[in-house]
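Let's take a friendly tour of the aromatic side chains in this model. Have the structure open while you read.

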Amino acid sequence: GIVLVAINPYEQLPIYEQDVIYAYSGQNMGDMDPHIFAVAEEAYKQMARDEKNQSIIVSGESGAGKTVSAKYAMRFFATVGGSASETNIEAKVLASSPIMEAIGNAKTTRNDNSSRFGKYIQIGFDKRYHIIGANMRTYLLEKSRVVFQAEDERNYHIFYQLCASASLPEFKDLGLSKYFHLPV
């Protein structure tokens, strides 16, 4: 398949704007510079032409920009599929992100908010190739972090958030006080 190597510049660049989406839409792979939109266009075109499911695998090290690349691909699909203004699919699919990040993100030596879980995002299209829905599944990759963290690393954010909120009245209703042994 097609492979795109991208780097996270850690700053906003004007290469992901709406006009760039339209520039890549309808183009053949290789006619323009390598870009996440070129990969998304190729998958979209093959889905429409062959009427077969397509996959884009986004892989990389911690902090490489995998989640951001996935967001850009979803934005591309929503825009070229004519559903960007109707559904704002990117926002809807990632709406659970803050909750998932609290449960599955932790501080590592390379990234203060490193995702320690995998995501599988399935986007559904109708017969006109407009997005009609999406489903995001997550799976925890690093169970060992619960009982051990390397030097200068932390457990999952949720543990620190629960400890910080242990004195709040709402916490008492959760029935977790006995597990934290904190004065309430």
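Which residues form one aromatic cluster? In this predicted model, the cluster is made up of Tyr16, Tyr24, Phe37, Tyr44, Tyr72, Phe76, Phe77 and Phe125. The count of aromatic pairs comes to nine.

Two of the pairs are set out here.

| Pair | Centre to centre | Angle between planes | Class |
|---|---|---|---|
| Tyr16 and Phe37 | 6.1 Å | 90° | edge-to-face |
| Tyr44 and Phe125 | 6.0 Å | 65° | edge-to-face |

With planes at 90°, Tyr16 and Phe37 are edge-to-face because an angle over 60 degrees puts a pair in that class. Tyr16 belongs to the segment before helix 1 (18–24), while Phe37 is in helix 2 (residues 36–50), so this pair links distant parts of the chain, 21 residues apart. Phe37 has a relative accessible area of 0%, so it is buried, the limit being under 20%.

Now for the other pair in the table. Tyr44 is in helix 2 and Phe125 in strand 3 (residues 117–125), so their contact ties together parts that lie 81 residues apart in sequence. Tyr44 also counts as buried, at 12% relative accessibility.

Val146, Val147, Phe148, Phe159 and Tyr160 make a nonpolar surface patch of about 490 Å². Among them, Phe159 is found in helix 7 (residues 157–164) and counts as partly exposed, with 31% relative accessibility. Tyr160, also part of the patch, has the charged end of Arg154 over its ring, 3.6 Å from the ring centre.

Terms used: Residues numbered from 1 in each chain as written. Predicted model: local features only at pLDDT ≥ 70, side-chain atom pairs only at ≥ 80, totals over all residues. Heavy atoms only, no water. Phe/Tyr/Trp six-rings, centres within 6.5 Å; stacked < 30°, edge-to-face > 60°. Helix = DSSP H or I, 4+ residues; strand = E, 2+ residues; numbered from the N terminus. Buried < 20%, exposed > 50% of the residue type's maximum accessible area, 1.4 Å probe, protein only. Lys NZ or Arg CZ within 6 Å of the ring centre and 35° of its normal. Patch = residues over 30% accessible without salt bridge, like charges linked within 9 Å, V, L, I, M, F, W, Y side chains within 5 Å. Areas by Shrake-Rupley, 256 points an atom, 1.4 Å probe, with all protein chains shown as cover. Salt bridge = Lys/Arg side-chain N within 4 Å of Asp/Glu carboxyl O.
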